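Welcome! Take a moment to look over the sequence and the fold, and then we will walk through them together.

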Amino acid sequence: MRRIFSGVQPTGNLHLGNYLGAIRNWVHLQQDYEDCLFCVVDLHAITVWQDPTQLRASTREVAAAMIAAGIDTEKSIIFNQSQVPAHAELAWIFNCVARMGWLNRMTQFKEKAGKNKENASVGLFAYPNLMAADILAYKGTHVPVGDDQKQHLELARDIAQKFNNDFGVDFFPVVEPLIFGEATRVMSLRDGSKKMSKSDPSDQSRITMTDDADAIAKKVRKAKTDPDALPTSKDGFEGRPEAANLMGIYAALSGQDLAQVIQDHGGHQFSQFKQDLADLMVDKLQPITTEMRRLADDPGYIDGVLKRGAEKARALSEPIMAEVHDIVGFLRP
Ligand code: TYM
């Protein structure tokens, strides 16, 4: 059985990287896989402080973005993580399987905790165990994500293997990351060496899924570049991360491969290319943003989708969790 699981944190500022690195790919994958679960990971979000009112709004916003981007709510399962107890429960079991040394190597924890590691929440440290639980509570086999989640998925594989080994079972599958497309790592518009992220203090660093056409045009126009013309071959990206980023975004949005974009736009000035890129972005993103706005006016509908999704997710996870209890040695009625 092949089953897709993936998730997005409801921490505000949903951006182009989330769309191109993840959500857009999910839309294509749902045709090819029998089960697809797409989760708004609110338990992950609270590993750093979230205002409760804002968390509710962001949870609905991420769900709306998934629906507006083309996730089919009948075929796929959209839900928020906290509505399904299996996630937190299996995460606890994995807290007892994963080793401190493994988690100590996670670069995302180091980045997020920064210098003040002692003051980070325990949840932030154990974050990757919850991620493994998300996937494995459904015996998920394939996980479409952006490049930044690679290390977490390697850990999920290690956890699955150690669980199977420790208990002498062949129970959890070894998950396969699906990282594909021309924009697996979209970079900041202000600094081509930094990932585009929800938490960057500068709103100019990212295109958000709620930006209107004017905001998009302005941000693209102001995006950091260098004085040279666009490169005419891939080798020309050496030392020019901003050029690589903008051309990669263009390729992903237009559905072309990077070589084609280089052939069509190589040698042009940035000013001309930025105009083309802004037009393309508006063309591709505005229909999604418009639909998100329409859905935002109907929170009852979104909540209904999440509720039905959670019911289906619980139905899939419960028999798996019952088996986990037996394997671990927990008595149950
Ligand atoms: P999150 O919320 O940071 O990001 C959601 C998805 O967007 C991708 N992404 C990017 N892709 C390309 N360029 C970027 N600049 C960029 N920024 C983010 C991420 O790779 C991700 O696919 N831990 C996860 C959420 C999660 C999850 C899971 C994912 C929780 N449980 C289980 C898969 C399976 C996260 O923080 O994603």
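Which residues lie nearest the centre of the largest pocket? They are Gln-108, Lys-112, Asp-148, Gln-149 and Lys-195, among the 45 residues that line this pocket. This is a predicted model, where local features need pLDDT of at least 70, side-chain atom pairs count only at pLDDT 80 or more, and totals for linings use all residues. Residues are numbered from 1 along each chain, and side-chain values use heavy atoms, without hydrogens and water.

A pocket here is an open set of points on a 1 Å grid where a 1.4 Å probe fits, with protein on both sides within 12 Å along at least five of seven lines; lining residues have an atom within 4 Å of a point. The largest pocket has a volume of about 1200 Å³, the space filled by probe spheres set on the points. Helix 7 gives the largest share of its lining, five residues. Elements that each supply at least two lining residues include strand 1 (3–8) and helix 8 (150–167); helices are DSSP runs of at least four residues (H or I), strands of at least two (E).

Now turn to a pair of helices. The axes (lines fitted to C-alpha atoms) of helix 4 (residues 86–95) and helix 13 (residues 299–328) come within 11 Å and cross at roughly 25°. The two helices are therefore roughly parallel, a term for angles under 35 degrees. Contact, meaning heavy atoms within 4.5 Å, involves Ala-86, Glu-89, Leu-90 and Ile-93 of helix 4, and residues of helix 13 including Met-321 and His-325.

Terms used:
Axes fitted to C-alpha atoms, helices over the stretch in contact; angles between N-to-C directions. Parallel < 35°, antiparallel > 145°, perpendicular 65-115°, else oblique.
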